[in-house]
Amino acid sequence: MATKDKAGTVFDYAPAPESRSVVDIASSYGLFIDGEFKQPQGPGGSFKTINPATEEVLAEVSDASAEDVDLAVKAARRAYTRVWSKMSGRERGKYLYRIARIIQERSRELAVLESLDNGKPIKESRDVDIPLVAAYFFYYAGWADKLEYAGWGPDPKPLGVAGQVIPWNFPLLMLAWKIAPALACGNTVVLKPAETTPLTALLFAEICQQADLPPGVVNILTGAGETGRVLVSHDDVDKVAFTGSTEVGRQIAKAVAGSKKKVTLELGGKAANIVYDDAPIDEAVEGIVNGIFFNQGHVCCAGSRLLVQESVADEVLARLKRRMATLRVGDPLDKNTDIGAINSAEQLARIRELSDIGESEGADRWSPACDLPTNGFWFPPTIFTGVSQAHRIAREEIFGPVLSVITFRTPAEAIEKANNTPFGLSAGVWTDKGSLILWTANRLRAGVVWANTFNKFDPTSPFGGYKESGYGREGGRHGLEAYLAN
Amino acid sequence: MPRLCLGRHDSPQPRAQTYAGSVTTSVHSAAGLAEATSSDAALRRFLHGLPGVDQVGAEVRAAGLATRSIKTTAKAFAIDLAIRMVDLTTLEGMDTPGKVAGLCSKAMRPDPADPACPSVAAVCVYPDMVRIAKDALGASEVHVASVATAFPSGRAARDIKLADTQDAVEAGADEIDMVIDRGAFLSGRYLEVFEEIVAVREACARPDGSSAHLKVIFETGELQTYDNVRRISWLAMLAGAHFIKTSTGKVQPAATLPVTLVMLEAVRDFREATGQMVGVKPAGGIRTSKDAIKYLVMVNETAGPDWLDPDWFRFGASTLLNDLLMQRTKMRTGRYSGPDYFTLD
């Protein structure tokens, strides 16, 4: 285990894998429509979902066709008209509390399943994703009987049927962001999880059954992009909520333009994480690491551009590199893993492509020495220095563990560079000076600004973007507005 | 040769790091360090020029490291290492020669049922018990550490503190655990604190030219802020401390993970700046194997593996040892035995 010689003692952490036995994955799954799992009606067929860390097939899931979408929307409409919109807020709240409690009770199962299907480390699914999922349900359960006090009119009404399409980076958490406020406000939903990460949404369907949620209030349709397109274009959908890429967001905005549908879009980002010269440096380094390497960088609000003041740039980079050498990349189910697998071959190809472009455009690429597993999709934590605003890696969302480092000389230059992007989802500020935090935050065109921290989420806090990062807010009191007619 | 008797100037040169590139800090150049202690004003400028510590961030980092899961072979390794790092301590008004002698037997053979169990690093006693401990330990490798300088409050005149130190050294102490003057530090008289540490370090000298090792206790529970912990760490290292130590164990809170994190960052950065290694000793409040393992993970991932050695990291504790022994027996036999199977010295 340990060797002691001139080079010091080696403290190797033995493998500490979380047990897979807590999850029970079926070989194939139907579609969750009207409270039951049903075989797809149309010509959709099925597709496989795999474990991105091993490429092992986990299950076969149904590919919902237009006919299935229609059935699900009809079920949601029936449930809306006959049951859910008529139910008192207090009663709806009881169901949401029940769901929240079941999520807590089954948290270990949900965490393991999330890590298996998504590739994220178990310490994140266990300590971040699933606790937040429960927190969002608890939070919006509390709003269900208090909507008239939310500030969105004296007697706000639900919109009707919500068509919701969510991404693969936080599969169950994005589901919670969508379903919890929708249900609290009295809407019913048809939700499509991402093609590569459908399993926790299907387990959530089971939880809805366990909670005796009236049939049709929540419908889950698995499928690819086409299923999502059909869902958001369906005539009887009153509200569209989407989280994902700016490109798909644009298509959705076009598809629903001119219709009665209300839309919220939460899209891409290229967040600036600004480190001033008086920052608490050790904690700033932690914040940089958390900002870009959390969830393999598959985070729309990731701090993918480090803006560091020139006078401390060398020191910050040296400390950052030393810290990166301690990151443990590997088996997502190992409790000591810091960075898991890239979610899909397709995403890995995109990260590789953009990183190669970064190199060919003249930026300096660095990764710590790390052994990557041979099977599955892996990318080492990577930083690019010598990056200028003109480089593609400084402008385009990579959605992977790749950080572009840009320097600045004055606070005004930091703001100029931070805002010089088509996106505006989030930003970070690191300084010991409170007045500089406020000065900076007031000038940043970003929906969320973190001060001396990064990637912190809370159900009471609204979240959403400026510019091409989307519109509408999710979370907090503000998040109710997207699901209410006032 | 006792393990800890290397002079500071003999401490290992910085070795090739496992990470790429070494960290050079602009404020910590060697020339700047000599300058830093030239006057009270210069020392204040230096200490207040150190980067701040963000309280929330430091606590989050410490809590994050505490989630590491150390199992099977890694746990066995960590438990044996932790035993070798224990400064087995009794610092009570009711201490007697009998009590100290009993503690010494335990320090040499912590688990009478298993001769393979390593001995602890040192026993830690009051100065008047040093000779008794020294006799009881005989030729064993276990050191005698003595608190000194009007421990635990440090509220006495300088010459009394120095006499206290000399008395312990003459009685045979291998290591001196001094307390700083927290009043002077909190009122901003940094140079006074610095000079006192230098004077105590001189009082650690033996007639043969060797010197007892000096651990400097900060009583971080009284300094309260992490910025203060970072400043006093640098001050003590500049003054020649061989070890920096969190607490006396007489004040709550004693050692905490975030305080130890800030101190480990300080010794790491000090080596980057000067090439000299300084040890770290959290003391007080560490009672379980689980806690001790969290500290070892923090050492490993903050200061680095070079500090994973009793020469560079210690636990000041009294009840920790029995829990380590109980866990060690469990790892060896697969069964938990009751506390009655471990001695209460």
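Reader: How many bridges join β9(A) to strand β10 (residues 188-192) of chain A?

Author: Those two strands run parallel; strands here are DSSP runs (E, at least two residues) and helices are too (H or I, at least four), numbered from the N terminus. This is a predicted model, where local features need pLDDT of at least 70 and side-chain atom pairs count only at pLDDT 80 or more, while totals for chains, interfaces and linings use all residues. Residues are numbered from 1 along each chain as its sequence is written, with chains lettered from A and ligands numbered from 1 in the order in which they are written. The number of bridges joining β9(A) and β10(A) is five.

Reader: And which helix does the chain go through to get from β9(A) to β10(A)?

Author: The crossover is a right-handed β-α-β one. Right-handed means that, with the strands pointing away from the viewer, the path from the first strand over the helix to the second runs clockwise. The helix on that path, residues 171-184 of chain A, is α5.

Reader: Is β9 (residues 161-165) of chain A mostly covered or uncovered?

Author: V161(A), G163(A) and V165(A) point one way, A162(A) and Q164(A) the other, and all are buried. Buried means 20 or more other C-beta atoms, placed from the backbone, within 10 Å of the residue's own. With five of its five residues buried, β9(A) is mostly covered.

Reader: Let's move to the open sheet of seven strands in chain A: which are its edge strands?

Author: Its order is β16-β17-β18-β15-β14-β19-β20, with mixed pairing. An edge strand pairs on one side only, and here those are β16(A) and β20(A).

Reader: Which element gives the most to the side of chain B that touches chain A?

Author: In total, 35 residues of chain B are in contact with 32 residues of chain A, contact meaning C-beta atoms, placed from the backbone, within 7 Å. The elements giving two or more residues to chain B's side are α3 (55-65), α4 (72-84) and α13 (289-302) of chain B. With five residues, the one giving the most is α4(B).

How values were computed:
Two residues are in contact if their C-beta atoms, placed from the backbone, lie within 7 Å. Two strands pair if DSSP finds at least two bridges between them. A residue is buried if 20 or more other C-beta atoms lie within 10 Å of its own, exposed if 12 or fewer, and partly exposed in between; C-beta atoms are placed from the backbone.
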